[in-house]
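Biologist: I am new to this one. Please show me how to read it, feature by feature.

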Amino acid sequence: LEGLKAEQAAKQEQADQKQADLRQAIETAVRGKVKASKAYGDYTLEFAALDEGKCNLRLVYAKGPMDRGEAELLSKAAVLAALEAYQAKGIQPARAGLDVRARVFTAAKGVTGEDLVNIYGVASYNHNNDQIEWKRED
């Protein structure tokens, strides 16, 4: 029983390390492709979901609002960077059926001073046609 527990713990540690490595690779790739902006400031990169088959990113810029076209370009660049990181790890996005998405937000204040975000849309990878698509969100 102790041997089985040790084996399970070692497998879990290996899986955790693999996910940490993937997260670092994606973060490095996104930061290399999507830069801070004079108009919108730097951004915080958040992982809403991450594993070998799914990556949902949030890029939250310090200032806004942002032009929707700019948000689309930044979101698509983040998705492309994540796909490139998966490929560098030997994972072929279309074959693996990856679900990769990115949303760009900008900081905002509500009428009562509450911290809010502006929502623009989502870029997502369609593994059926190997394309990055954009959908407006309000």
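Modeller: Start with one side chain: R58 is partly exposed, at 36% relative accessible area. Buried means under 20% relative accessible area, exposed means over 50%, and partly exposed lies in between (1.4 Å probe, protein chains only). This is a predicted model: local features need pLDDT of at least 70, side-chain atom pairs count only at pLDDT 80 or more, and totals for chains, interfaces and linings use all residues. Residues are numbered from 1 along each chain as its sequence is written, and side-chain values use heavy atoms, with hydrogens and water left out.

Biologist: With which residue does R58 form a salt bridge?

Modeller: A salt bridge is a side-chain nitrogen of Lys or Arg within 4 Å of a carboxyl oxygen of Asp or Glu. R58 forms one with E46, with the closest N and O atoms 3.9 Å apart. The pair links distant parts of the chain: R58 is in strand β2 and E46 in strand β1, 12 residues apart. E46 is partly exposed too, at 32%.

Biologist: How many salt bridges are there by this rule?

Modeller: The count comes to nine. Among them, R101 meets D99 at 2.8 Å, N to O. R101 is partly exposed at 31%, and D99 at 23%. D115 and K109 meet at 2.4 Å; both are exposed.

Biologist: In what order do the strands stand in the sheet?

Modeller: Strands of a sheet pair through backbone hydrogen bonds, either parallel or antiparallel. Strands (E, at least two residues) and helices (H or I, at least four) are DSSP runs, numbered from the N terminus. Two strands pair if DSSP finds at least two bridges between them. Here five strands form an open sheet, β1-β2-β3-β4-β5, with mixed pairing. β1 (43–50) and β5 (131–136) each have a single partner strand, so one side of each lacks a neighbour in the sheet.

Biologist: Which way do the pairs run, parallel or antiparallel?

Modeller: β1 and β2 run antiparallel, joined by seven bridges. L45 stands opposite L59 there. β2 (54–61) and β3 (99–109) are parallel, over eight bridges. V60 faces F105 in that pair. β3 and β4 (115–126) are antiparallel, also over eight bridges. R101 stands opposite S124. β3 and β4 form a hairpin with five residues between them, and G113 in the turn has a positive phi of about 90 degrees.

Biologist: Where does helix α1 lie?

Modeller: Helix α1 (2–33) lies across β1 and β2, at about 140 degrees to β1. Axes are lines fitted to C-alpha atoms, for helices over the stretch in contact (heavy atoms within 4.5 Å). Angles run from 0 to 180 degrees between N-to-C directions. Helix α2 (68–88) packs on the sheet and touches β1, β2, β3, β4 and β5.
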